[in-house]
Amino acid sequence: MSAKGKRSSHSGINEYYWGRLDNAAKLVPAVSDTRGTNVFRVSAILRDEVRPDILQKALERALKLLPAFAVKLHHGLFWYYFDANREIPRVREEHRYPCSPILGAHENGFLFRVTYYHKRINLEVFHALSDGMGTTQFLHLILFCYFNLLDDAEMTSEFIRSYCERIARDFDEDSFARNSEIADNTRSDSVVSKPEKESDAFHIQGYSYDGTRLNVLCALMPTDKLLALAHDSSSTMSEYMCALIIYSIINTSYRHSKHNRPIAVSLPVNLRGMFGSTTMRNFFGHVNIAVTPKDEMTFDDVLGEVKERFKACLTRGYFERQIADNVRIEKIPPVKFVPIWIKDLIMRYFFSRAEKKYTITFSNLGRMQLPEAIAGKLRRFEMLLGASRTHPKKISMCSYNNELALSFSSTIDDNSLERFMIMQLVERGIDVSIVSNETPEPEKVKNIKPEKKPKADKNKNKTVKKERVDK
């Protein structure tokens, strides 16, 4: 949806570009506020200190090569839309809590921010712009440009151009709309079972922090050992971790609940490979992995139910139905001409109903890969989801080389879930190190014990490391 015209000075996007939001993104502006920012983060931790001047140049070059992120958000009479952003995004040293609201005025109108702190590069994105996979691809491009500027012999310009051509043939395609007609035809030709009606799920509660404070805890562990643990149980990594999350909630906050509600993990699923998409916009489905706790339920009991739910949901037919159902609503002729403020009210209502159906979100970004020429220049990647009022804890996971980062974000003053999960992993023979934005100086301890509350620190929003070696 680009019009012919003069190119802007800072990016490869057309000056007169405009584009509709994809099906998933249309909901995001309507339901976002300071306690539910719909901002997430993907970080790269380098082995050397970040050079801000080089990072600024790398970001500007990345936008020229791949202009999917060079847009700003507007709302018309009936729908939100993107148009070209001719400003220059500014790289800043991190000084806020992670996943703080992305306000257009603070980011020169952009829907993302790039920050750094010592050896860490953070790319934070408003979910209306892209999802985890699209954001990861853009972060990779920024890293390629960064190392190209440092040493073009190690990361060549030819490789960078080839990468851009490969990942973003249709960078702004609405893959939901493209696949909705295919999904409708498939459903008419085959019998697809109707999904079971989902009950309201158990919700974690606690004392909320003020403002936009987000507590972060990242557990680092060997990927191969955790993968072996999952395979020993005849399960995938996602199945094993979903079961562990549910089992941990049963043994922590659920014990104080008076309701016999299911514990449901909402799992985003990247649909690009399944449907042959190269879009940089949102293109994901979701499944709710729900288990209703029973008396004396063991971890193996939970894992068995989780595996059955995965088997039933992770099929092309399941997501074809989901895509068709979601897109069909916006195709209804009267809906197109409903003013946007009324649409916002309706979307908030349905979003609040959907939020009642799951307990916590768990996103597995999978294994990161970089070219051999620069693979040794990074230590690891991390992903972090912004938590909200209704879902005060969220969990995400990704791995690089043989280091897996399991990240927890929380808006409440209760870390019992995190502690129980980590203790379960330690008891299963996994060595765990902990990184947090609320810990004192690094120290080593033999067992995970209750910590004294750290003293106030003017750099409390900065990430420091605290190692815990448990065997």
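**Reading strands and a charged patch**

Guide: This is a predicted model. Start with a pair of strands. Strand E3 covers residues 71-75, and strand E4 covers residues 80-84. The two pair in the antiparallel sense, over five bridges.

Visitor: Which residue in E4 does Lys72 stand opposite?

Guide: Look across the pair. Lys72 faces Asp83 in E4.

Visitor: How many residues does the hairpin use to join E3 to E4?

Guide: Four residues make the link.

Visitor: Is the pairing of E5 and E6 parallel or antiparallel?

Guide: Parallel. E5 and strand E6, residues 112-117, share two bridges.

Visitor: Let's turn to the surface. Which residues gather in the patch of positive charge?

Guide: Four names to find: Lys197, Arg261, Arg353 and Lys356.

Visitor: Where is Lys356 found?

Guide: In a loop. Helix H12 (340-355) lies on one side of that loop, and strand E11 (360-368) on the other.

Visitor: Why does Lys356 count as partly exposed?

Guide: Check its relative accessibility. Under 20% would be buried, and over 50% would be exposed. Lys356 has 44%, so it counts as partly exposed.

Definitions and conventions:
Residues numbered from 1 in each chain as written. Predicted model: local features only at pLDDT ≥ 70, side-chain atom pairs only at ≥ 80, totals over all residues. Heavy atoms only, no water. Patch = residues over 30% accessible without salt bridge, like charges linked within 9 Å, V, L, I, M, F, W, Y side chains within 5 Å. Areas by Shrake-Rupley, 256 points an atom, 1.4 Å probe, with all protein chains shown as cover. Salt bridge = Lys/Arg side-chain N within 4 Å of Asp/Glu carboxyl O. Lys, Arg positive; Asp, Glu negative; His and termini not counted. Charge placed at Lys NZ, Arg CZ, Asp CG, Glu CD. Buried < 20%, exposed > 50% of the residue type's maximum accessible area, 1.4 Å probe, protein only. Pairing = 2+ DSSP bridges.
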